[in-house]
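This briefing walks through a structure shown just below, topic by topic. Please keep the sequence and the coordinates at hand while reading.

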Amino acid sequence: MDTITTKLSSEEIFNLMKQFITEVIGEEFVEEMDITPESSFTKDLEMDSIEIVSFSEKIKAHFGEQIDFTGWLSSMDLDQLINLNLGMIISYIEECQS
Amino acid sequence: MPIITVNGKSVHIQELNKEAAETIVLVHGMFSNLSVYYFNIAPLLATKYHVVLYDLKSHGMSEKALEGYDLESMTNDLFALMEVLNLQKVHLGGYSFGGLIALKMAIRFPESINKLAIIEAPDPNDDKTRGIIDEYSREFLEHYVENFTDTTKVKMGKRQMERNHRMYEYLFYQTSIKTDMELEKDFFGSPAIETIKQSTLLLYGTDSNCLNAGKHLDGMIKNASLIAVPGDHNIPIQQPLVIAEALLNFFQEI
């Protein structure tokens, strides 16, 4: 597990999230999208739940014990999960790093 | 992604709280995947139990398979998965088609199953259940998504529609799933159901087309209790915390 300990800036986290999304849904789909911190997972990125599982696994593998990403997601109801966007994840990771 | 080899095929699994003394295995439904449990239900159960989720063959991120969708084969797969993970005896939960797999496990391998939780398992002889398999087409999927998945609030975009269409096309036209399911239509009438001795929780939606199937099982399984939860067939998605808490209470009861 390639866990990291250095603190990432919000731009670095954003780029890392974009890399994970590309790995999960494929470059050909990402090229057609304008990914921003406002992009929502289900509506804008059109990721389904098993793709969000893959994405979560990548975050867990990268940050290790540093963040409890699944635990954070499990506190959300369906509406919150549907409206989840990249900016919310960036903020959460930043909080965990501070 | 944790991938293990079971019966020569790659299977995607997720495990939570491996250190816990007792294990719960959860089985998802047809055309779904382990994510139905991953976000809410499994994390709550994992506060007390080792939880194992897996994607059925040709579903989620598990390897595709042309054959073996009958309950005998599906339970062979699950039993083999338990052997690979060195699980001698587990609590077992299943949703929809996964509920049928869980029932069949309790019948075939009673010594390996502790408590049994069945969520919205349909009667395989029900016209609506079999109708979906008999009448699949692209138009059917679009109509289905437009009219029947609104209770889960998740609308499918173009890429997802394509992904789902490819999965349905594969399962319906290339695999043996239709004929395998046809063979199971008398499952609920089988006397084998009455041999289930495990303490069994039946969770069904108050507005579900499958509620009668739950009542039928309640009458057949000696040690069963039926709980009707507000919602329809999609209760694990509509009411994940209600389902998770009902499961946790049930598995913890002495």
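Predicted model: local features only at pLDDT ≥ 70, side-chain atom pairs only at ≥ 80, totals over all residues.

Which residues of chain A does UniProt assign to the feature "domain: Carrier"? In the unreviewed UniProt entry, that feature is placed at residues 11–97 of chain A.

**Fold and dimensions of chain A**
- Chain A contains six helices and zero strands, and its order along the sequence reads α-α-α-α-α-α.
- The radius of gyration of chain A is 13 Å, close to the 13 Å that the globule rule gives for 98 residues, so chain A is as compact as a globular protein of that length.
- Along the principal axes, the C-alpha trace of chain A spans about 35 × 30 × 20 Å.
- Within the span annotated as "domain: Carrier" by UniProt, residues 11–97 are 67% helix and 0% strand, and the end C-alpha atoms of this span lie 14 Å apart.

**Charged surface**
- A negative surface patch is made up of A:E27, A:E28, A:E31 and A:E32.
- Of these residues, A:E28 is located in helix 2 of chain A, which covers residues 27–30.

**Salt bridges**
- Side chains of opposite charge can pair when their charged atoms come close.
- Over all chains, the count comes to ten salt bridges.
- One salt bridge joins A:E51 to B:R159, with the closest N and O atoms 3.0 Å apart.
- This pair crosses between chains, running from A:E51 in helix 3 (residues 49–63) of chain A to B:R159 in helix 7 (residues 158–173) of chain B.

Terms used:
Residues numbered from 1 in each chain as written. Chains lettered and ligands numbered in written order. Heavy atoms only, no water. Patch = residues over 30% accessible without salt bridge, like charges linked within 9 Å, V, L, I, M, F, W, Y side chains within 5 Å. Areas by Shrake-Rupley, 256 points an atom, 1.4 Å probe, with all protein chains shown as cover. Salt bridge = Lys/Arg side-chain N within 4 Å of Asp/Glu carboxyl O. Lys, Arg positive; Asp, Glu negative; His and termini not counted. Charge placed at Lys NZ, Arg CZ, Asp CG, Glu CD. Helix = DSSP H or I, 4+ residues; strand = E, 2+ residues; numbered from the N terminus. UniProt positions renumbered as here; feature names shortened; annotations may be inferred. Rg over C-alpha atoms; globule rule 2.2 N^0.38 Å.
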